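Hi,

Here is the model I promised to pass on.

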Amino acid sequence: MANFFKYKSVADLEAENARLGIDLRFTDDLAPLFQPLAVARRTLGNRWCIHPMEGCDGELDGRPGELTHRRYVRFGAGGAKMIWGEACAVVEGGRANPRQIVLNEATKADFARMVADCRAAHRAANGDDSDLLFGLQLTHSGRYSYRKPVIATHDPLLVGRYKVTADTPLVTDDELKRLVDAYVVTAKLAVEVGFDFLDVKQCHRYLLNELLGARNRPGPYGGSFENRTRLAREVFQAVRAAVPANVILATRMNAFDSIPFNPPGEPVPHTLPLVNGWGMSETDPFTPDLTEPLRWVADMLKLGVALVNLTMGNPYAQPHFGRPAEYPPPDGYESPEHPLLGVDRHFRAAETVQRANPGLAVVGTGYSYLQEFLPQAAAANVRDGRVAIAGVGRATLSQPDWVRQLLDHGKLDRKRVCRTFSYCTAIMRAKDHPMGQFPTGCPPFDKEAYGDIWKDVQKLALKK
């Protein structure tokens with residue numbers, strides 16, 4: 001049973017929008033979503049993006065597994081013209097789980113096959129792939145690295161989470177400097193295997209995002225805005241110099257961090273002013289302050305970044321900011337706000353960045369919660385110039401051909417619409433697997449691949 005989402009029509013959502021005093025917009029004219037867009041030196045065939053979502057289904061050596069390959073073939077056939085590939089660790093010690101993908105000399109043939117098969121599926125279902133942009137997200141998981149946490153700053157609000165204690169040492173300046181070369185090595189391999197754009201990941205409290213907010217870190221990588229953006233700046237400069245000019249530089253970046261929440265949905269005790277944080281003031285951790293994100297986006301444009309995908313929050317500490325949902329994951333909490341407020345927060349942040357940078361390709365987030373009405377919201381946002389591209393995450397797992405559905409039928413297949421019940425997150429959180437991590441997907445609407453996996457996860461839950 002839905003807690004909040006009981007809307008049967010756009011009119012119902014518009015009435016709720018008025019009641020909540022937010023700014024969600026809708027239109028039945030979906031034409032804006034199927035207009036091409038110039039991104040750097042390339043053309044994107046439509047305004048749909050598949051967000052980076054880890055399947056946690058790689059092999060232990062980092063190569064894409066069978067389910068990884070299957071997922072991207074399905075995405076390729078689905079009709080979206082931007083496929084934002086999932087997190088790929090640039091070093092072994094930066095993997096978030098033992099099944100996170102890693103691109104290196106030993107695994108590049110498997111990546112090349114995955115890219116080629118994704119493109120072949122796209123051509124078979126959609127005709128042309130010259131206007132398809134397929135990218136890869138380059139990451140270091142920082143404090144969420146599974147082997148041991150690698151923290152950029154001591155944050156008192158995160159002590160005790162994910163093996164981090166008050167005595168956990170900070171990653172050194174020299175270790176950070178060495179990471180630049182690791183990003184470059186992975187970036188060059190990504191170009192070799194056929195990716196069109198490279199995302200230097202700066203979101204969800206992973207390493208580069210943590211550095212952005214590391215106001216209390218000493219030395220050249222903390223404190224001032226210039227220091228906190230230093231490592232990402234060095235990575236962009238080095239990657240731009242190392243790859244061909246037609247490869248697009250991109251980033252998925254937090255617009256707003258906020259602070260952790262604990263069950264039953266209450267913010268952790270905290271003292272103001274806060275010592276760390278990005279996209280929020282030191283005295284108000286619940287309201288976005290985009291002053292620094294806007295400044296950094298302007299700087300990144302000068303560094304050659306042409307594609308910015310905006311998100312929020314931390315999936316481990318306050319998932320309701322990043323992905324408004326009907327039900328929380330098993331280790332989460334009930335949403336402390338109406339999820340539509342979270343959707344509106346996403347849309348307003350993306351609009352602020354887009355309007356400040358009208359020539360930038362900004363990808364927006366927050367659409368999956370709108371379920372079968374997400375196309376109408378996406379079309380209105382693109383029409384009104386609030387965002388250039390609409391990004392869809394969880395909803396692509398249940399209905400990877402959603403763009404083809406819109407092209408062929410003018411609406412989504414209602415029987416396969418994601419209801420944001422967090423099954424995919426629940427599987428991702430399950431670790432009692434021989435490989436240390438269950439692969440994740442959509443059990444309700446992709447039973448062929450994930451039905452038995454979900455049953456195994458439920459059995460383990462009952463044993464506990």
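The side chains of glutamate 105 and lysine 108 are joined by a polar contact of 3.2 Å. By polar contact I mean a pair of N or O atoms within 3.5 Å; within protein, one must be able to donate a hydrogen and the other to accept it, and residues adjacent in sequence count only if both atoms are side-chain atoms. Bear in mind that this is a predicted model: local features need pLDDT of at least 70, side-chain atom pairs count only at pLDDT 80 or more, and totals for chains, interfaces and linings use all residues. Residues are numbered from 1 along each chain as its sequence is written, and side-chain values use heavy atoms, with hydrogens and water left out.

Glutamate 105 sits in the loop between strand 5 and helix 3. (Helices, H or I of at least four residues, and strands, E of at least two, are DSSP runs numbered from the N terminus.) Its relative accessibility is 55%, so glutamate 105 counts as exposed; the cut-offs are under 20% relative accessible area for buried, over 50% for exposed and partly exposed in between, with a 1.4 Å probe and protein chains only.

Lysine 108 also turns up in the packing of helix 3 on helix 4, where the contact (heavy atoms within 4.5 Å) is made by Lys108, Phe111, Ala112 and Val115 of helix 3 and Leu189, Glu192 and Val193 of helix 4. Helix 3 (residues 108-126) and helix 4 (residues 173-193) pack at about 45°, and their axes are 9 Å apart. Axes here are lines fitted to C-alpha atoms, for helices over the stretch in contact, and angles run from 0 to 180 degrees between N-to-C directions. That makes the two helices oblique to each other, given that under 35 degrees is roughly parallel, over 145 roughly antiparallel, 65 to 115 roughly perpendicular and the rest oblique.

Now for asparagine 97, which is in the loop between strand 4 (82-89) and strand 5 (101-102). Is it buried or exposed? Asparagine 97 is buried, because its relative accessible area is 4%. Its side chain reaches two backbone nitrogens: that of arginine 99 at 2.7 Å and that of glutamine 100 at 2.9 Å. Leaving out residues up to four places away in sequence, asparagine 97 touches Glu54, Cys56, Tyr146, Lys431 and Gln437.

Last, helix 2: its buried residues include Leu67, Tyr72 and Phe75. Just after helix 2, glycine 79 has a positive phi of about 110°.

Cheers
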